[in-house]
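I opened my notebook to get to know a new structure. Here is what I looked up, entry by entry.

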Amino acid sequence: MRTQAIVLAVLAAAPSTLAHTIWSVLYVDGVSQGDGAGLRMRQDPKLASYPLVDYNSDDMACNVDGTKGVAFVNPVKDGSTLTFEMRSWPDDPSKESLDRGHYGPCAVYLKKVSSAIDDKAAGDGWFKLMDDGYHADTDTWCTDRLIDNKGRLSVALPKGLEGGYYLARPEVVALHNATNGGAQFYTGCAQIFLESSGTLVPESTVAIPGPEYVTPGQASVQFNIYVGKNAEYQVPGPAIANFTHAAGTASSAQTVQKEGLVPAGCIAQNANWCGKEVTAYTDEQGCWASGEDCWTQGKKCWAEAPPTGGKVCELWNAKCEAMNDACRAKNFNGPPNKGKVITPKRETIDIGLIIKPVGGGNVDDSAPTPAPAPQAPKSSSVAAPKVSSSPPAAPLSAYEPKSSLVETPSATAPAASFKETPTFSSSVPLLSFVGGVYDIPSPTPTPASTIAVPTSEYATAPKPTPVAVDTVEVVTNYKVEVVTEVAYVTVAVPAGGYKHHRGHRRHF
Ligand SMILES: *[C@@H]1O[C@H](CO)[C@@H](O)[C@H](O)[C@H]1NC(C)=O
Ligand SMILES: *[C@@H]1O[C@H](CO)[C@@H](O)[C@H](O)[C@H]1NC(C)=O
Ligand SMILES: [Cu+2]
């Protein structure tokens, strides 16, 4: 507690600070996949929220540490809505998602891969599903809309997209310091497996990093947002992708998820760590031995915890403590609460704003007839070719969410108050890794017998350092004009929840 008080005093002395942000959790149709689960994120908690400013780096694909996969891959259904949530404090969603001083566009990309875990991310194969820049009518940027939407960026997957592994990559570009080439990229990647019998593939892809994506010095990353020309702003990267049907043997569809599944018997999941129940015991020796196994697993949980923290590791440690307490009380039949699932129930959210892609999403149905997918899936999930006697179909068809879910567009509230005087929260949010979160209770059991017991080594589990807040950034701003389409969509949660989406995790 003393540490926390001192750090806060120091921060309070800083006149104004601009906290950065990091993509911290994926929701699938509004259901949380767990903080950090299946997500490639920068691992150092001190630097995790920092932006990328070297546009030629492989880090541009999935962030620093993003060339390496994590253990889990999130299953996703055909046409699912993916929602990425950014947080300034990755382990504390109650704090701000992104400081209001950031202004700029956002986008979501996908890359089809043969392994969501092994793929290095950087390189060719990326296509853009949506982007959103500046809206003149409301004088707002995508960042404004995201902050108003709790830091959540959503995209509906084009219905009928070819099944298999993908990396899904949200992106925000902050332009408040872009005139010097200081545009800040915030990205990361979700490892997903798309369960789909569709055959749609993008007509073209680009490399990230690469010149078709972004080059240093180009207008989209060296733009002055303070001179009244925002209507001219072009979001970096390629246009929104259009799709065609993969021809028979060219198909790279994968039909069954084989990697990144949460293992059976997982009673605790923290991001990409899984805890398994300890061996049952009936005597004192067994009691302490299983207790030791518990602490060993817990230590791994903390060691592997990404910047989103170790909330489930804490719960796990409590389990170990209770087991040791029982040993001390000479209750040698255990473990207590054997097999009880510790992972908290998955949070379901109203995903709020979905920004529809503009100018892409066309499906070329003149391409070869869709080859029947292996495993003889029902072809109903494949977009039926349209007869083009009438005018061409609206380009957004591939993205159209189920119409029953669409509500009438509502104006995005352009919180005018902060536009005149750019806000810099002088009340600096609390640091995330101070306080009790990483204070791991010391087991220090002292059994009467001579049996070896866990020692205080477990008390020295990692104490992550506080997330740093970066240097002062000062910005002012102006206005101009442009038009983009926005719809407010609420995804209805089916009665009974989404359990069936995750059959292999039915306990969660
Ligand atoms: C603004 O960008 C310049 C050039 O990249 C960089 O040197 C400077 O540190 C940046 N300033 C802030 C406050 O981010
Ligand atoms: C998709 O089609 C639209 C409309 O024809 C076009 O403007 C856009 O450039 C296309 N996207 C790509 C990536 O080629
Ligand atoms: Cu920042």
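**Entry 1: around one arginine**

I listed what touches Arg 169, skipping its neighbours within four places in sequence: Met 60, Ala 61, Ala 107, Val 108, Tyr 109, Trp 126, Thr 187, Gly 188, Cys 189, Ile 208 and Tyr 213 are in contact with it (heavy atoms within 4.5 Å). This is a predicted model, where local features need pLDDT of at least 70, side-chain atom pairs count only at pLDDT 80 or more, and totals for chains, interfaces and linings use all residues. Residues are numbered from 1 along each chain as its sequence is written, chains are lettered from A and ligands numbered from 1 in the order in which they are written, and side-chain values use heavy atoms, with hydrogens and water left out.

I placed Arg 169 in strand 11 (residues 162-174); strands are DSSP runs of E, at least two residues, and helices are runs of H or I, at least four, numbered from the N terminus. Arg 169 is buried, at 0% relative accessible area (buried means under 20%, with a 1.4 Å probe and protein chains only). Its side chain reaches the backbone oxygen of Met 60 at 2.8 Å.

**Entry 2: the copper ion**

Which protein atoms are donors of the copper ion (ligand 3)? I found His 20 (ND1), His 102 (NE2) and Tyr 186 (OH), 1.9 to 2.4 Å from the ion. Donors are N, O and S atoms within 2.8 Å of the metal (3.2 Å for Na, K and Ca); water is not among the atoms, so sites may look incomplete. His 20 is in the loop between helix 1 (2-13) and strand 1 (22-28) and Tyr 186 is in strand 12 (residues 184-187), so the pair ties together parts 166 residues apart in sequence. I noted that His 20 is buried at 4% relative accessibility, and Tyr 186 is buried at 2%.

Definitions and conventions. Buried < 20%, exposed > 50% of the residue type's maximum accessible area, 1.4 Å probe, protein only. Polar contact = N/O pair within 3.5 Å; in protein donor to acceptor, adjacent residues only side chain to side chain.
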